[in-house]
Amino acid sequence: MKRMKALLLCGALVTAMLAGCGSSESKETSENSGAGSGSTETSETADTSSESGGGTENTSNIVVGFSTGAAGTTFRQEGIDDFTVVAEEYKAEGRIKDYKIVNNTTNFDSNEQAGIIRDFINDEEVNVIVVNPNSPTDLNGVLAEAVGAGKIVVAVDCEVDVEGVYCVSIDHYAWGKRVAEYIADALDGEGNVIQVYGGEGHPANNERLRATEDVLAEYPNIKMISSTSGNWDNQTAKQVTSQILGGGTQIDGVITQDSMGYGCLSAFDDLGVYPKAAFIECGTANLKLYDEIVEKGVEISICSQPNPASIVASGLRIAVNLAEGKELDESKLGGLYGRACIYDVKNWFTNENLDELRALLEGKGDDYLLTEYWTEEEAQAFFK
């Protein structure tokens, strides 16, 4: 009976999440991913402090508040979904009491996110805060307030420089550098390129822009025709790419990020002109579009690597272990400020090994983005 109750609770949670966190729109077919609009909602699980799915008595007092920073798109929804999977795992094991998920109404709005974090600070139940920060600096004050209030605080998907706040992130500079270097090398060091980047001011985006600038400084014969925001949204990325192409300048290379590769490439396809080299996202529809273009006899050098939306689930693992009193092994931390658990992206694809990506995407819907996160064992490897 206890197990049946827990299953019913999980089912109710999933229904609430889908209704409350914005639709999981197709990254490619709806051209909306990475960051899109969504209503501010708090998704709370039912109180299962007395019983959990595995029949384990839940005596934990840990309640996690998660500020997503943005919502309503495939990228964000995949992260929210996997965060929920890990949170439910911990509830069933009796390791946390509950969790709350709150989305921004206005995506990437730091002031609104600061208000959400202050709500968590003032919530006597919440003692752990996981946040995907919308700014590298604008939230520092409120994050310091949270630490001062005795909350465990973990920033995910990017890094902030706040004493007492640990971070869980990929190395976004290395991520962007790898893409820019591939495009530059594929063009033999000369040609016209465009860059369609992510959310303005977002820490992860800032690092990728810095990487592109550093790489192209080594390639004087590559000209940056335009560098503009696609806001981690395929529809926006397609619009800005179409506007650039409307100027008539030949574009040889496309430097972009996850959640915008489909939009950029589809703008070229609509006009029947194609770049020589481009980044495509690790998603089903973008790979299908690339294959359709190749079938027309077009040759494009492509690269692809995931930016795991589920990094937030990895961050939850670190946060809960910290809340349980475990101590991080400082020798295993890195990043910009030496307080980050760095997630090493496992996959990198080019024309040479694209069949590996096809295998990973086989049977997935057009809205699927390749993602990954730490197992419990992998997360605990960061602790003493």
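Okay, let's start with two strands: S9, residues 253-256, and S10, residues 277-279, run parallel and are joined by 2 bridges. Within that pairing, Val 254 stands opposite Ala 278 of S10. Keep in mind that this is a predicted model.

Now zoom out. Those strands belong to an open sheet of 6 strands with mixed pairing, and the order goes S8-S7-S9-S10-S11-S13. Which strands stand at the edges? They're S8 (222-229) and S13 (349-350); each has a single partner strand, so one side of each is left without a neighbour in the sheet.

Next up, helix H9, which covers residues 284-295. From first C-alpha to last, H9 reaches 17 Å, close to the 16 Å expected for its 12 residues. Its buried residues are Thr 284, Ala 285, Asn 286, Leu 287, Leu 289, Tyr 290 and Ile 293. And what covers them? Among the elements doing that are helix H8 (261-271), strand S11 (301-304) and helix H11 (354-361). After H9 comes Gly 297, with a positive phi near 95°.

Last topic, the rings. There are 7 aromatic pairs in the structure. Take Trp 374 and Phe 382: their ring centres are 4.8 Å apart and the planes sit at 45°, so we call that pair tilted. Trp 374 is buried, at 7% relative accessible area, and Phe 382 is buried too, at 12%. Elsewhere, Phe 66, Phe 83 and Tyr 99 make up one aromatic cluster.

Rings also meet charges here. Arg 208 has its charged end over the ring of Trp 175, 4.0 Å from the centre, while the charged end of Lys 364 sits over Tyr 368's ring, 4.9 Å from its centre.

Technical notes. Residues are numbered from 1 along each chain as its sequence is written. This is a predicted model: local features need pLDDT of at least 70, side-chain atom pairs count only at pLDDT 80 or more; totals for chains, interfaces and linings use all residues. Side-chain values use heavy atoms; hydrogens and water are left out. Two strands pair if DSSP finds at least two bridges between them. Helices (H or I, at least four residues) and strands (E, at least two) are DSSP runs, numbered from the N terminus. The expected span of a helix is 1.5 Å times one less than its number of residues. Buried means under 20% relative accessible area, exposed over 50%, partly exposed in between (1.4 Å probe, protein chains only). Contact means heavy atoms within 4.5 Å. Rings of Phe, Tyr and Trp (its six-membered ring) pair if their centres lie within 6.5 Å; planes under 30 degrees apart count as stacked, over 60 as edge-to-face and the rest as tilted. A charge sits over a ring if NZ of Lys or CZ of Arg is within 6 Å of the ring centre and within 35 degrees of the ring normal.
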